Amino acid sequence: SLAGHVIVGNHAILSGYSLIHQFCTVGEHSFTSFASHVNQSIPPYVTVAGENARVKGINSEGLKRRGFTSDQINQVRRAYTAHYVERLSLEEATKRITEMAASSPELELLVNFLNVAERGIIR
């Protein structure tokens, strides 16, 4: 169920009974697991799950199916680590991912998302 003014990016997968709060953005190539309740925007490439949706990793299977190479998936995984595992501030993580994007064009999608997200990002 999508509330008003939800933006869903290309190749995003919304599993059954997922609920997306109004004004959220669902990033490209992201994935919501069954019955996820999403109240903040989901960055590209990310998998979320749970009643109060939390990040569970990257959507590596979806990326493989879309033709991403192992190298590209590893770059997305490195960006995920900078954003979620290293517990950097959003500003620090965005800066690090921007630097990574110089040699990994697939990360530009994530950088652009982080720079314009208005509703808040699931972290």
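Predicted model: local features only at pLDDT ≥ 70, side-chain atom pairs only at ≥ 80, totals over all residues.
**View 1. Helix α2 packs against helix α3.**
Helix α2 covers residues 70-85, and helix α3 covers residues 90-101. Their axes lie 8 Å apart and meet at an angle of about 160°. Angles over 145 degrees count as roughly antiparallel. The two helices, α2 and α3, are therefore roughly antiparallel to each other. Their crossing is right-handed. From α2, the contact uses R78, A79, A82 and H83. From α3, it uses L90, A93, R96, I97 and M100. By type, the residues of this contact are 6 nonpolar, 1 polar and 2 charged.

**View 2. Helix α3 packs against helix α4.**
Here the axes of α3 and α4 are 9 Å apart, at an angle of about 150°. That angle makes α3 roughly antiparallel to α4. The crossing of α3 and α4 is left-handed. On the α3 side, look for L90, T94, I97, T98 and A101. On the α4 side, look for E108, L110, V111, L114 and N115. The residues of the contact of α3 with α4 divide into 6 nonpolar, 3 polar and 1 charged.

How many cavities of 30 Å³ or more does a search of the whole structure find? The search finds 1. The volume of the largest cavity is about 60 Å³. Its lining includes P43, P44, Y45, V46 and I58. V76, A79, Y80, H83 and Y84 also line this cavity, as do I97 and L110. The lining divides into 11 nonpolar residues, 1 polar and no charged. Some names return from the earlier views.

**View 3. The largest pocket draws part of its lining from α4.**
This pocket holds about 260 Å³ of space. It is lined by 17 residues. Which of them are the closest to its centre? They are I7, T25, F113, V116 and A117. Strand β4 (25-26) and helix α4 (108-116) each supply at least two residues of the lining. The largest share, 4 residues, comes from α4. By type, the pocket lining divides into 9 nonpolar, 5 polar and 3 charged residues.

Technical notes. Residues numbered from 1 in each chain as written. Heavy atoms only, no water. Axes fitted to C-alpha atoms, helices over the stretch in contact; angles between N-to-C directions. Parallel < 35°, antiparallel > 145°, perpendicular 65-115°, else oblique. Left-handed = near helix turned anticlockwise from the far one by under 90°. Contact = heavy atoms within 4.5 Å. Nonpolar A, V, L, I, M, F, W, Y, C, P; charged D, E, K, R; others polar. 1 Å grid on protein atoms, 1.4 Å probe; cavity = no way out; pocket = protein on both sides within 12 Å on 5 of 7 lines; lining within 4 Å. Points joined across faces, edges and corners; volume = space filled by probe spheres on them.
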